[in-house]
Each structure stands twice: as structure tokens, then as C-alpha cells.
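Please open the model in your viewer and keep the selection panel at hand.

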Amino acid sequence: EKEKIETHDSKEDPRIFQRGRPEYRSLSYEKFDPVDTLPLEEGDSILHSVAECKGSQSPGTITDYFHKLSRLPVEQHAGLVTEPRFNTLCRCAVKNIGLFSTSDLIDILKACVRLVVPPTHPLLNACENEFCRRVWDMNLDQLLLVADCWRCLERSVPSYLSILFSYANMHWKDLTLPQFVQLVYIIGEGRRSPADLAQKVESMILKYLDSFTLEEVGAICLGLFKSLSGISDHVMRKIADRVSLQMEDMSTYALVNVLKMLRYTRMDHLPLLKELGKVIPTRIPSINIQGIMHITLTCSSLHHFDEGIMAAVATSLPSKVAYCRSKDAAKFLWSFGCLDYEPPNEEEFYSSLIAQMHRKLHEFGKFPEHLLTGLLGLAFVGRFPEELINYALRDEFVQKTRGSKYELKKDLFTLSKSVEIECPSYQGSHLPPQLSQEITEMVLNFAEQEIYVRPEIVEATSLLQSMLGGPEYVKNHMILPHTRSSDLEVHLAMDGHPIPFNLKDPIADKKLKDIGVSLTDDLMSQLIKGRSNSQSPVEVENEARTPGQERREEARTPCTGDRAALSGGALIADARSQVEPKLGCRLEAPPSLALNRQPRVVKLAIQVSNRNHYCYCSKRLLGLHCLKRRQLRHLGYVVVELPFWEWFPLLKRTRLEKLSYLHYKVFNPVL
């Protein structure tokens, strides 16, 4: 029973939708149609006749012979295809290929499907050329049926498909619902998306969306996914709307195909994801391992954390792990690591997957990306299987990654540097220093162009420089380039005073004069506390708001915003110039930080996060960013968060409010 559940037929499973309507019988080859078995004696008689006549039979007779021979018992088929007399029959068909009627030629092709003729057989070459020549004299049902036969024969026919798509384009308005679904299936199996059909496909999906069976919805999503067809958010959302309302009635196979397309389009459809959390956990034990992998990968790719789904997967997986391909094991490890979820059975879960990675080690030479995917997922949750890491960082394996269709340098870099920081006793392979330096420069160049210049980071940097006394007190850079996100580094003495350290900054090299007015403890206290109670600015200004509340507050007039920050005018207008210190002005720290006069330095790593660092609609950090914070602490940094739900709303508020918030974050000893 377990073997039956785990068996995935990549040829037949995608064709399940064809059983839902009788119209598909004329558009597709049905291998399960009952046939009257031909007695062996009659088959031998046909072959004897072929040998005697030496290819002089009429096209009708040749067609009849193919049809009858295809009805021989299945166990006879392999021997028949290599039989010299059968090859004589094939040569006779090739010789007369132009004399067959189209229906006879289709019957010969169907017989070849039933007999499992090799896809490179000369007869199939002749058939393909002849069908390409006849396309414009055939109807769409015939064209789709022939395309389906080519798929069953596993023969690649790009020329035929190109002509078929051109034909469909010209007759688009005449397509029936079954013809359209079968066409999308053929497009998917051909692994190519005709650009001129993209818009028409979307229009047809919207036209028939309410009439499709749920299996047909799954088939369309799979066809689009396999052909890498782009689809608009509007159409994908309409599909997801329907699926979210009928998920209980949908087969798991069809549902998984919808999830693949949801993942491909990066669609954050919350109603569907919530319904998934209700429907899928109880189904997990009966789903094959590849289906479970795609469900799990969809959750992690969309940064959607649902503990019910993840726990159900973790519970079922150890008993199914032997059915994992290298890809499946890697994606499971990545997904759990990405969502930073360690299940209740974490030791059993991780040990079973790591053992499977060892068993599949021979596959990683061909698919190096899978090994790195799995190891990074493990690194996110602080697990470092040293034998696998040593294998991944060997020169031979690093060379194999260069042949991958994926860019794997950054993954190697993240893994290698993480091991250096978190596994001091590790004695295995490391990335060559030259390659490590090359990747570092690549990452830093990208950061200078795309990360350091983000408005939320630029604003925080500028305000911190102004608040602390100049650019030499703040450094906007990547402390850990392998974690691929920036930090604002600040150093404080134990008495709370900021320490200049960013002396390589060209701006900081200039002699800065103290031309501003120092903020006194008393003045800053008023700015921080503002209200009569002891709420922190975080609590006052940045309590978790709904998006609607944020929009309403951002729409306030400036004077209303000032009153909110300054408690009804606690700081008078004359003081406003004092709380915006000029470059070079140094803030005094609150007395609570100046308890110990030791020279030890407190190094702050200030994180200006954004939504992509967290799970969807959540304050749960993703695995990569958990890894980064863990490693920063390991290196002696104090991690200070400017979470997006606090900092982003402040960007549109007054300068005073932002300074107040940053002062609280930098100097509050509790933080």
C-alpha cells in the first residue's frame, strides 16, 4: 500500500483530467481502453504474410496489420518491435507514407504508442514529417490527438508543435473548452510557451474559469508551470479565489499543481493559504513524498508559516524518507530552515533527512545545487553535518557547481563563512581564499548599488550620523557579507558615549567642528518621555498598527504629528533647532548607561529590516536572518532591531520623532 501511495507516474498522472469529459476521447490517446487480444497464431500469420509479400501490401492492408499487431499480448510487444518481419512492415509503411489517409496514418501512430515503439524509430521520423506536411489539411481534434501520441511516445517534436500552435492561433475563436485544456496540457508537456498565445490563454482561462472541473484547473496550472508561462496576477488571483472556495473537493494532485503556479507567480493569496492549513494536514499521510515536498516548498517560497502543515509534514516524513530523491530531501531541509521551524520530533526529522542526503551523495555530482540547498537549510537552524560540508567545499565539488544552470557562488560563500564562525573545531575543506574574495567583492558591489541606497537605510544612517556626531560614528556596511544584508554599525564606550571608528569614510576624514548645540540629558529626556507616563517611544509611536491605522496616521497634518511626539508641545519651538544637531555634534547618553567606566566597547549591529526578512503577515524572522543575528552575537555584537513595522511608518513622520526613536534604540540599556 505504501509503495502504491509513493508511486508517481509522470506520464499518466498529468492526464487524469482527460477522464472527466467524454470529449477528450477524440483529442487524446486512451491507453486504458479495452482491446480484444490478438491470438499469437494470428500475429505470426500476419508477420509471415509480410515476409512473403516483401512490402507490396496496400496502404489499407498495412494499416490493418499495424492495428492487429498492436493487440498482441503486452508481454509480446518488446519482442515484436525487434522482429525483422515487423521492421519490414515498418519500411513498407515509410515507403508508402504519402499514400495513407490521415485517419489511417493516425491509426498507425496509435499502434506505435500501444507497441511502445522507440521514439527514434525511422517509422516515427517519417510520420512526423508527413504530419507536419498535412497540418493545414487536418482538424484541431486530429492535431491534438497526434500531439498527444507524440507525448505518449516521449518523442520531442518541436517543429510539429510550432505548426500546431500557429494553427490554434488562427482558429482561436473556435476552440472548445476541452480543446483549450488539452492544448495547454500539450504546451506544458512540450516545455515551451508560444509568446503569441500568452494573452489569448489568459482570456480563455477567464472565459471558462467557472466551467472547468477542478482537475482541469489543476491541469491548466501544471501546463503553465511546466512551460514557464507567465500569467498576470489578476488571472492567478481569480484561479486562487475559486480553489480557496472548493479546496475540500479538489484532488491533492490538482491542488499541488495550483500551488506550483502560485509559487511561480509569487502570489500571496491569504484565503487560499488559510484554507490550505485547514485541508492539507490531515491528508499529508496519504500524499506521496513529491507532493508533500511541493506543498512544503510552496509555504517556504511564499514565506508562509503554518505550524499545522509543517508539523504534519515533520511527523510523516521520517517513515517516508526512503522515497526522497536528492531534490526532495534538499527542499525539505531548505523549507524548514527558511521558515526557522524545528518540529517537535526535530532530532528524528533532521537525522532521517541528513542520512538520506548521505545515501543520495552520488546524485549531487549531477545536481550540485541540491546539496547546497539542503546544507543551507540546515545552517539556518544551526546544524552543520561536517562530512557533507567537507564534500561540498572540496575543490572537485566547487568545480562541478560551475557547470550548474544556477548561480551557486553565493551559496558556497554563505555556507563556508557560516562554518568558519559557528564551527571553530571544523577541520575540513574551505573555499579557496581567492574565490572567497571574488564573491565578497561581487556581493559588496551589489550592496552598494542596491542595498545601501534604500531609502529606509539612507534615512537611518543620516539621522544616526547627525545624532551621534558625524559619519565617523556610524558605518553602513555588511558586517557579514555572506548574509547578504546590511548593518549600521555603532560603537559605544561603557560610559555610553559613542566612539568614532569609521575613519576610512572620506567624509569623516575631514576635520569636523562642533558647531551644533549638544543635547543635554534633560532635553533628551523630554524628547524621549514626552508624555507623563513612562511609555517608551516604541510603545508610544509604533504599537502594532493595522495598515489602515498606519494610513490614517500618515495622513495627519505635521502639527498633529508633532503633538503626538512631543506630548502636546512639551518641547517649545526654540528647542526644535537643538534636537537636530549639526554634523559633528555628540549626544550625551542617559545616566543609566554610564554605570561602568571600563574602556570596553559595545559594538552595535543595527538591523534596518524590511518585510522580506520576515514570514508573510508575521513578525517571525526567516532562517537566513536568524542565522545572521546568531552569528553577529557569536562575534560579540549587540543586535539592535529597527523592525519595518516600527521604522517604516516613522519615515513619514517628523524628524524629532525619528531622532527620539533612534536614541531610544541606541542608548536604552535594556535593548
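A crossing is called left-handed if the near helix is turned anticlockwise from the far one by less than a right angle, and right-handed if clockwise. This is a predicted model, in which local features need pLDDT of at least 70 and side-chain atom pairs count only at pLDDT 80 or more, while totals for chains, interfaces and linings use all residues. Residues are numbered from 1 along each chain as its sequence is written, and side-chain values use heavy atoms, with hydrogens and water left out.

Select residues 307-320, helix α17, together with residues 346-359, helix α19, which pack at an angle of about 45 degrees with their axes 9 Å apart (axes are lines fitted to C-alpha atoms over the stretch in contact, and angles run from 0 to 180 degrees between N-to-C directions; helices are DSSP runs of H or I with at least four residues, numbered from the N terminus). This angle makes α17 oblique to α19, given that angles under 35 degrees count as roughly parallel, over 145 as roughly antiparallel, 65 to 115 as roughly perpendicular and the rest as oblique. The crossing of α17 and α19 is left-handed. Show side chains next: Ala314, Leu317 and Pro318 of α17 meet Glu348, Phe349, Ser352 and Leu353 of α19, where contact means heavy atoms within 4.5 Å.

Move on to helix α23, residues 409-422, and helix α24, residues 433-450, whose axes lie 10 Å apart and pack at an angle of about 110 degrees. The two helices α23 and α24 are therefore roughly perpendicular to each other, and α23 passes α24 in a left-handed crossing. On the α23 side, select Lys409, Lys410, Phe413 and Lys417, and on the α24 side Ser436, Glu438, Ile439, Thr440, Met442 and Val443, which make the contact.

For the last stop, select Glu12, Arg15, Gln18, Arg19, Tyr29, Glu30, Lys31 and Phe32, which line the second largest cavity (a set of points on a 1 Å grid over the protein atoms alone where a 1.4 Å probe fits but cannot get out, with lining residues having an atom within 4 Å of a point). About 60 Å³ of space lies in this second largest cavity, a volume being the space filled by probe spheres set on the points, which are joined across faces, edges and corners.

Definitions and conventions. 1 Å grid on protein atoms, 1.4 Å probe; cavity = no way out; pocket = protein on both sides within 12 Å on 5 of 7 lines; lining within 4 Å.
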